[in-house]
Amino acid sequence: MKKKISIIGAGIMGMTLGYRLMAEGHDVTLYEKSGPDLVESASFWAGGMLAPYCELETAEPLIAQLGEKSIDLWQDYIEEINKNYPVDDVLGHPVYFQKNGSMVVAHNQDEPELFNLFNRISHTGFGSKVVMLDGAGITKRESDLKGRFNKALYFKDEAQIGPRSVLYALRDILKDRIHFHTMVDVPEDLEGDIIIDCRGLGGKSDNDNLRGVRGEMLLIHAPDVALTRPIRMMHPRYPIYIIPRPNGHYMIGATQLESEDAREMTVRSALELLSAAYSLHPAFSEAEILEFGVSFRPAYADNLPKIKINKNVISVNGLYRHGFLLAPALTEHVLSYLDKGHISEEAQELFEEA
Ligand SMILES: Cc1cc2nc3c(=O)[nH]c(=O)nc-3n(C[C@H](O)[C@H](O)[C@H](O)COP(=O)(O)OP(=O)(O)OC[C@H]3O[C@@H](n4cnc5c(N)ncnc54)[C@H](O)[C@@H]3O)c2cc1C
């Protein structure tokens, strides 16, 4: 039966749900406290890495399972969007998505960590998803890294998505259904058969164990560097990615700090991120810095996402460092719950009922 559904929060979780629920014929309305540029969402600042296997460095196998499902779903969604919503007419620009693998490199002193990561992933059920490359294997895939590293890990099935390009495409598709500059509380202010709370860190007011994990990033223009896929560098403090985007742009991210300090990026973080890029390729020294940003990953204590059901209110939160990696898979689980009226066997560990 078609339902009247209100979604609070138009980050990647709210947008993906809105898009799919609308496609299923439900009467969907979204409420978003920020403006159409969505700069107040964590999603706006994300790297868009879809790295389910590499994330096994610190994440549970559940994240890899949901993540690989999401990569397939993103491909389906984007194909459907391209077919049904013409660029220029409906969308301002196409959605950027690439499934060209990702690579992890390490300088000599960090090589033991690279072997540790290889061993760790090899002992999960996803061991076949990683291969160790030697210098020739690295050069074959990334000629710009020739001679720079002796070993690398290669994940051929990993992907990347342009976070802003997909957010804005979904915004354009849903535009008549989104109320921007509208802050609402859950659930008193809203009517509807179903209310879906996707407020990210905005949900902290009634979710004691939600926390923000500070992430800082830089966007640079480096036309002299020609990397073709996301490169992750082993780093003692946090995983650093250098993510190529169209037109010679690279996103460098991200720090991961247990802090909700909302100050701008610190000098230490800028030095660490830029040094990592420079150590990957010296031509990054001539890059133009276009932007630096700070945001907060919404996370529960165990860093796993949760779908919480309380009567007609469904909260989908705690996407932590995996919002783009998980949003489609979580969306399909919510749709299945709404359709069947019960939680499917395979999704039990994601759901909590009040
Ligand atoms: C620097 C950085 C890099 C990252 N890189 C990656 C990556 O490579 N891959 C990946 O998968 N993930 C990445 N992430 C994580 C990802 O960004 C988050 O997991 C994801 O954005 C969470 O999405 P969300 O929709 O739950 O929350 P948000 O994107 O924060 O959206 C919540 C929305 O709710 C709105 N809102 C809040 N309260 C209210 C209210 N009361 N009323 C109305 N609206 C409200 C907010 O304005 C916001 O727009 C990164 C995060 C950071 C910070």
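This is a predicted model: local features need pLDDT of at least 70, side-chain atom pairs count only at pLDDT 80 or more; totals for chains, interfaces and linings use all residues.

Residues are numbered from 1 along each chain as its sequence is written, and side-chain values use heavy atoms, with hydrogens and water left out.

Start by selecting 49-50 and 97-98: these are β3 and β4, the edge strands, each pairing on one side only. Together you have an open antiparallel sheet in the order β3-β8-β4. (Strands are DSSP runs of E, at least two residues; helices are runs of H or I, at least four; both are numbered from the N terminus. Two strands pair if DSSP finds at least two bridges between them.) Zoom in on Phe-97, and you'll find Ile-161 of β8 opposite.

Next, select 61-84, helix α2, with 24 residues. Color its buried residues (under 20% relative accessible area, 1.4 Å probe, protein chains only), among them Leu-66, Trp-74 and Tyr-77. The buried residues of α2 pack against β3, β4 and β8, as well as α1, α5 and α7.

Last stop: Ser-165, in helix α5. Is Ser-165 buried or exposed? Ser-165 counts as buried, because its relative accessibility is 11%. Show its neighbors: leaving aside residues up to four places away in sequence, Ser-165 touches His-93, Pro-94, Val-95 and Tyr-96 (heavy atoms within 4.5 Å). Its side chain reaches the backbone oxygen of Gly-162 at 3.0 Å, and a polar atom of that side chain lies 2.9 Å from the backbone nitrogen of Tyr-96.

Definitions and conventions:
The expected span of a helix is 1.5 Å times one less than its number of residues. Buried means under 20% relative accessible area, exposed over 50%, partly exposed in between (1.4 Å probe, protein chains only). A polar contact is a pair of N or O atoms within 3.5 Å; within protein, one must be able to donate a hydrogen and the other to accept it, and residues adjacent in sequence count only if both atoms are side-chain atoms.
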